[in-house]
Structures are given as C-alpha cells and as structure tokens.
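Hello,

Here is the structure I said I would pass on. My notes on it follow below.

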Amino acid sequence: MIVLKAADELDVMRENGRILAEILDRLVEEVRPGRPTQFFDALAERLVRDSGGEPAFRVFAGFPGTINASINEEIVHGIPTDARTLSDGDLFSIDIGIYRNGYCADAATTIPVGAVDAAVQRLLAVGEASLWKGIEQVRMGNRLSDVSHAIGSYVESSGFHVVREYVGHGIGKSLHEDPQIPNYGPPGRGVRLQPGMVLAIEPMVKTDALPTQTRGDRWTVVTGSGGLSVHFEHTVALTEDGVEVLTRGGE
Ligand code: MG
C-alpha cells in the first residue's frame with residue numbers, strides 16, 4: 001500500500017531532506033586519498049545526531065553504520081571500517097539515510113577520489129544523468145514504470161547496465177515503503193503517480209551485466225565481474241506543483 005503524505009508530513013520530510021543533503025555535501029568535501037571509510041561514518045553519525053536525527057540504516061535495516069561506504073566494484077552496503085582507506089583513482093559511493101521527527105530521507109552519490117580516467121568519468125556522468133532521467137518522469141499522469149524505463153533505457157543505450165537486484169522505494173515513516181521502483185523495464189505499467197507520493201529513486205549503474213554477488217560479510221554487494229559501479233539517489237516528492245527533489249544539495 002502506497003502511503004500518501006499530507007502537507008504537514010511533507011514539511012517534515014522537506015526539512016529532513018535538506019538536512020541530509022547538507023550532511024552528504026559535507027561528507028563529499030572530506031573525500032581524499034588516505035582517509036579510511038570509518039572517518040566518513042563517524043562524521044556522518046555525529047552530524048545526523050547533532051541534527052536531532054538517527055541513522056536510518058541502523059534503525060530500519062540493522063546495518064552496522066550510518067553510511068554505506070562502497071568502493072569501486074562494491075555497489076552498495078559496504079560496511080565502514082578503519083581497515084579500508086580511499087586511494088587515488090577510487091570510486092567512493094556514499095549512501096546515507098536519516099530518521100528524524102518520525103520520517104526518513106535517503107540519498108546517495110558516488111565521488112571520484114583524486115583523478116579518474118575518461119571511461120570512469122563517463123560511467124559517473126551516465127549514472128548521475130540516469131537519476132535525473134528518472135526524476136523527470138515523476139509527474140502526474142505518468143505511471144511508476146515510466147520512471148524505471150527512463151532510467152534503464154538511458155543506461156543501457158549508453159553502454160552500461162543497471163543493477164536489477166536492488167530497487168528504489170517509497171519512503172516516509174519507514175525507510176522502505178511501497179512501491180518498489182526497479183531501474184529497468186517497459187514504460188506504462190504500475191500505479192499512476194499522484195500528489196503526496198514520496199519516492200527514493202536510486203539507480204546503481206555498472207559496467208557488467210552479470211548478477212551481483214554478496215560478500216562473506218553478508219552486507220557488501222559487488223559486481224559479478226569486479227567491474228566498477230556507481231550509485232546516485234534522491235528522495236523526491238510529487239506535489240500539485242510537480243516534482244520536488246527533497247535531498248538536492250549545493251551541487
Ligand atoms: Mg534508498
């Protein structure tokens with residue numbers, strides 16, 4: 001069941017989104033070679049708690065961290081640790097969720113660490129653009145799979161592949177609500193989009209088409225071939241005025 005949010009609920013979610021975007025921007029500013037992923041988790045947890053919130057991934061998923069810290073072939077759910085340090089040329093994906101005043105917000109981005117080559121820059125560009133292709137389709141009269149199709153068709157026509165095992169989702173009082181939002185598929189299917197829907201849209205884009213695998217830590221999801229992967233996510237709301245990106249940062 002899709003829970004539509006009332007105006008006063010959207011006000012809380014809007015504030016949470018703004019706070020989360022500021023925190024994520026802050027984390028991105030700190031990215032540099034030599035930093036362990038735990039550094040970012042500790043900073044993220046402090047900023048989340050200082051805002052009056054809690055780490056949503058801990059609260060709702062039992063994840064051992066405030067952020068997912070995933071590097072290179074790691075797609076999502078990388079566990080922050082002092083044992084893993086960023087290196088020049090890495091791709092560092094940060095996924096972060098906040099639970100504050102009874103509502104969640106969820107966002108992710110992938111940052112190049114130092115210099116990356118042109119092929120990697122292209123993967124980053126396609127991954128980020130695919131999120132915006134999806135967001136453009138969040139409008140009244142469209143169906144849910146119009147979002148999925150816009151993302152998937154753009155990614156595949158760009159020569160990359162979407163992760164099929166993990167999907168975007170409704171979000172509100174819980175981190176993961178209905179509907180599920182795959183990042184592929186035909187258009188024109190699923191529920192009609194309507195005001196009050198709040199969605200976390202989150203394409204994960206990779207260089208191979210193989211099934212994903214999960215490491216022995218039971219969290220870290222990696223590409224089948226060891227190829228690179230990127231992850232971009234925003235929490236967006238559909239209102240009578242159109243789509244609103246709640247987690248939009250300074251950019
Ligand atoms: Mg999410």
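Along the sequence, the residues that donate to the magnesium ion follow the spacing D-x62-H-x32-E-x30-E. They are Asp106 (OD), His169 (NE2), Glu202 (OE) and Glu233 (OE), at 2.2 to 2.4 Å from the ion. A donor here is an N, O or S atom within 2.8 Å of the metal (3.2 Å for Na, K and Ca), and water is not among the atoms, so sites may look incomplete. Aspartate 106 in strand 5 (residues 103-112) and histidine 169 in strand 7 (residues 168-170) are 63 residues apart, a pair that links distant parts of the chain. Aspartate 106 is buried at a relative accessible area of 2%, and histidine 169 is buried at 4%. Buried means under 20% relative accessible area, exposed means over 50%, and partly exposed is in between (1.4 Å probe, protein chains only). Helices (H or I, at least four residues) and strands (E, at least two) are DSSP runs numbered from the N terminus.

Please keep in mind that this is a predicted model: local features need pLDDT of at least 70, side-chain atom pairs count only at pLDDT 80 or more, and totals for chains, interfaces and linings use all residues. Residues are numbered from 1 along each chain as its sequence is written, and side-chain values use heavy atoms, with hydrogens and water left out.

Next, the first two helices. Helix 1 (7-29) has 23 residues that should span 33 Å at 1.5 Å a residue, and its end C-alpha atoms are 33 Å apart, which agrees. The expected span is 1.5 Å times one less than the number of residues. Among the buried residues of helix 1 are Glu9, Leu10, Met13, Asn16 and Gly17. Their cover includes helix 2, strand 2, strand 4, strand 5, strand 9 (198-201) and strand 14 (234-239). Methionine 13 of helix 1 is buried, with a relative accessible area of 1%. Leaving aside residues up to four places away in sequence, methionine 13 touches Lys5, Tyr103, Cys104, Ile171, Gly172, Val198 and Leu246; contact means heavy atoms within 4.5 Å. Methionine 13 and alanine 237 are 224 residues apart along the chain, with 9.0 Å between their C-alpha atoms.

Helix 2 (residues 37-50) has 14 residues and reaches 20 Å from first C-alpha to last, close to the 20 Å expected. Its buried residues are Thr37, Phe40, Asp41, Leu43, Ala44, Leu47 and Val48. They cover an arc of only 165° around the axis, which puts them on the same side of helix 2; the arc is that of the directions from the helix axis to the C-beta atoms. What covers them includes helix 1, strand 1 (54-55), helix 3 (56-61), strand 2 and strand 4. Just after helix 2, glycine 52 has a positive phi of about 90°.

On aromatic rings, the count is 4 pairs. Phenylalanine 39 and phenylalanine 40 form an edge-to-face pair, 5.2 Å centre to centre with 80° between the planes. Rings of Phe, Tyr and Trp (its six-membered ring) pair if their centres lie within 6.5 Å; planes under 30 degrees apart count as stacked, over 60 as edge-to-face and the rest as tilted. Phenylalanine 39 is partly exposed at 30% relative accessible area, whereas phenylalanine 40 is buried at 0%. Ring pairs link Phe39, Phe40 and Phe92 into a cluster.

Arginine 58 lies in helix 3 and is partly exposed at 35%. Its contacts, not counting residues up to four places away in sequence, are Asp41, Glu45, Phe63, Pro64, Gly65 and Thr66.

As for strands, 5 of the 5 residues of strand 2 (residues 67-71) are buried, so strand 2 is largely enclosed by the rest of the structure. Ile67, Ala69 and Ile71 point one way from strand 2, and Asn68 and Ser70 the other. Strand 2 pairs with strand 4 (residues 91-100) in the antiparallel sense over 5 bridges, and asparagine 68 stands opposite aspartate 95 in strand 4. Two strands pair if DSSP finds at least two bridges between them.

There is also an open sheet of 3 strands in the order 3-12-11, with antiparallel pairing. Strand 3 (74-76) and strand 11 (213-214) stand at the edges with a single partner strand each, so one side of each is left without a neighbour in the sheet.

Regards
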